Amino acid sequence: MFKNKNNQPNYEYYENMQLNRIYYELEDLNRKIRNLNNRLRRIEGFLGLSVDDENK
């Protein structure tokens, strides 16, 4: 009585949800990498290190 005759899964919906999840994960990883790079720059500045020092 309550069953829908068109009970096919909506693959477009699931594909879009997966893509949205992937985009979210990429943005999260990019944010974490930026935060780590900023921390590294602060630590290098505190220790007085720079990329130029390594090449000498």
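## The chain as a whole

The chain exposes about 6,200 Å², of which carbon and sulfur atoms supply 53%; accessible areas here come from the Shrake-Rupley method with a 1.4 Å probe, and for residues only the protein chains shown count as cover. This is a predicted model, in which local features need pLDDT of at least 70 and side-chain atom pairs count only at pLDDT 80 or more, while totals for chains, interfaces and linings use all residues. Residues are numbered from 1 along each chain as its sequence is written, and side-chain values use heavy atoms, with hydrogens and water left out.

Of the 56 residues in the chain, buried residues make up 2%, where buried means under 20% relative accessible area, exposed means over 50%, and partly exposed lies in between (1.4 Å probe, protein chains only). The chain has 2 helices and 0 strands, with helices (H or I, at least four residues) and strands (E, at least two) taken as DSSP runs and numbered from the N terminus.

## Helix H1 and its ends

Helix H1 covers residues 11-47.

At the start of H1, a side-chain oxygen of Asn10 reaches to within 3.3 Å of the backbone nitrogen of Glu12. At the other end, H1 is followed by Gly48, whose phi is positive, near 75°.

## Salt bridges along the helix

Side chains of opposite charge can pair when their charged atoms come close. A search of the whole structure finds 3 salt bridges, a salt bridge being a side-chain nitrogen of Lys or Arg within 4 Å of a carboxyl oxygen of Asp or Glu. One of them joins Glu25 and Arg21, whose closest N and O atoms are 2.8 Å apart; both residues lie in helix H1, 4 residues apart, about one turn of the helix. Glu25 counts as partly exposed because its relative accessibility is 31%.

Asp28, Arg31 and Lys32 are linked in a network of salt bridges. Between Arg31 and Asp28 the closest N and O atoms are 2.4 Å apart, and these two residues, being 3 residues apart in helix H1, are separated by about one helical turn. The side chains of Asp28 and Lys32 also meet in a salt bridge, at 3.4 Å from N to O, and they lie 4 residues apart in H1, again about one turn of the helix. An α-helix has 3.6 residues a turn, so residues three or four places apart point the same way.

## Aromatic and nonpolar side chains

Rings of Phe, Tyr and Trp (its six-membered ring) pair if their centres lie within 6.5 Å, and planes under 30 degrees apart count as stacked, over 60 as edge-to-face and the rest as tilted. By this rule the count comes to 1 aromatic pair. The rings of Tyr13 and Tyr14 have their centres 5.4 Å apart and their planes at 75°, so the pair is edge-to-face. Tyr13 is partly exposed, with a relative accessible area of 47%, and Tyr14 is partly exposed, with 48%.

Leu19, Ile22, Tyr23 and Leu26 form a nonpolar patch on the surface, with about 380 Å² of accessible area together. Patches are made of residues with over 30% relative accessible area and no salt bridge, with like charges joined within 9 Å and nonpolar side chains (Val, Leu, Ile, Met, Phe, Trp, Tyr) within 5 Å. Leu19, which has its place in helix H1, counts as partly exposed at 34% relative accessibility.

Note on methods
Polar contact = N/O pair within 3.5 Å; in protein donor to acceptor, adjacent residues only side chain to side chain.
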